[in-house]
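Open the model in your viewer and keep the selection tool ready. The tour moves stop by stop.

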Amino acid sequence: METPPSPPLLYEMMRSFVSLATTLNLSHTVRALNSTRQTVRRHIATLEDHKGGPLFLIEDRKYHLTPLGEYALPGATELILRSDAWLGGMSSHVNGLLHLNLNLTPEHPYHLQQHSLQHMWTGSSPLLQEAFRTWARADGLIDSDSYAPIRPWLMVFRRHAQEWICVDVGDKSSYATWFGWAKQRSSIGRPITLLPGGDDFGRLLTVPFGDVLTTGGARLDHIHTYVPRIENNETVALVPISYQRLLTACRFPDGSFALASLVDRTFNLEIEGVSDSEVRHMAPDLVMDVDIHADLPTPKTDRP
């Protein structure tokens with residue numbers, strides 16, 4: 001049986017789908033896309049024909065994603081982000097792994113280089129190495145005794161409907177030490193698009209988060225970008241930040257999916273096309289430089 005060809009204007013159809021899935025409001029989507037109600041409805045209907053079922057339910061003139069719509073949304077979002085980056089020559093692959101070189105605004109670059117997990121042992125900090133070992137010792141169970149020593153440096157997320165929700169922020173995490181105590185506490189329960197990094201930064205997280213959700217494994221990224229910083233309880237201008245990030249697929253006690261994120265601010269980055277001098281635009285006093293022998297308790301194990 002031959003696979004039916006993709007419909008013309010597939011990109012525009014996916015934009016309509018992702019926008020409507022985000023707003024759940026047809027009028028808002030029409031304005032955001034500078035389109036018409038008829039066009040958006042036609043796009044959704046065509047996608048539903050190809051996907052083999054409804055993507056939305058309409059109750060009391062309100063849109064709701066169906067299970068099929070929720071399943072399709074992460075992939076469509078990722079395709080749009082990568083298409084935009086590819087069209088602008090800002091997305092490629094290095095050694096088969098993702099490389100992004102985006103400009104969110106003229107003053108807001110975002111550079112990402114994904115690395116193989118083997119790079120963990122040759123180019124990562126002792127903190128990330130210990131976090132990776134801990135993940136294995138704990139069998140991915142986020143609330144195990146094995147995870148306790150590393151939890152202060154972690155952020156933990158849960159997938160709910162089509163959103164990634166922050167459920168825990170460690171006191172020593174890069175997030176807490178960058179944004180401060182008030183933002184750390186008030187971020188619990190918020191979706192990633194509403195965190196202080198902003199909507200664009202939150203949307204960029206959907207791709208690596210979705211990758212870890214799909215593979216059930218781990219992912220290592222090197223990133224240099226600019227992020228707002230909180231000083232004296234006030235947001236200051238975008239500040240350069242350089243960091244390595246380890247994402248791991250974990251489990252909550254009830255067996256549901258948990259995503260653990262550990263960020264280590266460092267100058268030790270390898271990103272294609274980004275010079276060491278650019279990486280060092282981050283202020284030296286923002287490097288985390290965690291001494292695991294002094295700062296981490298002796299790790300426990302849940303295994304006999």
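How far does helix 1 (residues 10-23) reach from its first C-alpha to its last? Select residues 10-23: the 14 residues reach 20 Å, close to the 20 Å expected at 1.5 Å a residue. The expected span is 1.5 Å times one less than the number of residues. Helices here are DSSP runs of H or I with at least four residues, strands are runs of E with at least two, and both are numbered from the N terminus.

This is a predicted model, in which local features need pLDDT of at least 70, side-chain atom pairs count only at pLDDT 80 or more, and totals for chains, interfaces and linings use all residues. Residues are numbered from 1 along each chain as its sequence is written, and side-chain values use heavy atoms, with hydrogens and water left out.

**Stop 1: helix 1.** Colour its buried residues: Met-13, Met-14, Ser-16, Phe-17, Val-18, Ser-19, Leu-20 and Ala-21. Buried means under 20% relative accessible area (1.4 Å probe, protein chains only). Then step on to Leu-24, which follows helix 1 and has a positive phi, near 55°.

**Stop 2: helices 2 and 3.** Select residues 26-33 and 37-51. The two axes come within 9 Å and cross at roughly 105°. Axes are lines fitted to C-alpha atoms over the stretch in contact, and angles run from 0 to 180 degrees between N-to-C directions. Helix 2 and helix 3 are therefore roughly perpendicular, a label for angles of 65 to 115 degrees. Show side chains here. Leu-26, Ser-27, Thr-29 and Val-30 of helix 2 meet Arg-37, Val-40 and Arg-41 of helix 3.

**Stop 3: Ser-124.** Jump to the loop between helix 5 (120-123) and helix 6 (126-137), where Ser-124 lies. Is Ser-124 buried or exposed? Ser-124 is buried, at a relative accessible area of 11%. Its side chain makes a polar contact of 3.0 Å with the side chain of Gln-244. Such a contact is a pair of N or O atoms within 3.5 Å, and within protein one must be able to donate a hydrogen and the other to accept it; residues adjacent in sequence count only if both atoms are side-chain atoms. Beyond four places in sequence, Ser-124 is in contact (heavy atoms within 4.5 Å) with His-119, Gln-129, Leu-220, Gln-244 and Asn-268.

**Stop 4: helix 6.** Its 12 residues should span 16 Å, and the end C-alpha atoms are 16 Å apart. Buried residues of helix 6 include Leu-127, Gln-129, Phe-132 and Trp-135. Just after helix 6, Asp-139 takes a positive phi of about 55°.

**Last stop: zoom out.** The protein has 11 helices and 10 strands. Of its 304 residues, 49% count as buried.

Methods. Buried means under 20% relative accessible area, exposed over 50%, partly exposed in between (1.4 Å probe, protein chains only). Angles under 35 degrees count as roughly parallel, over 145 as roughly antiparallel, 65 to 115 as roughly perpendicular and the rest as oblique.
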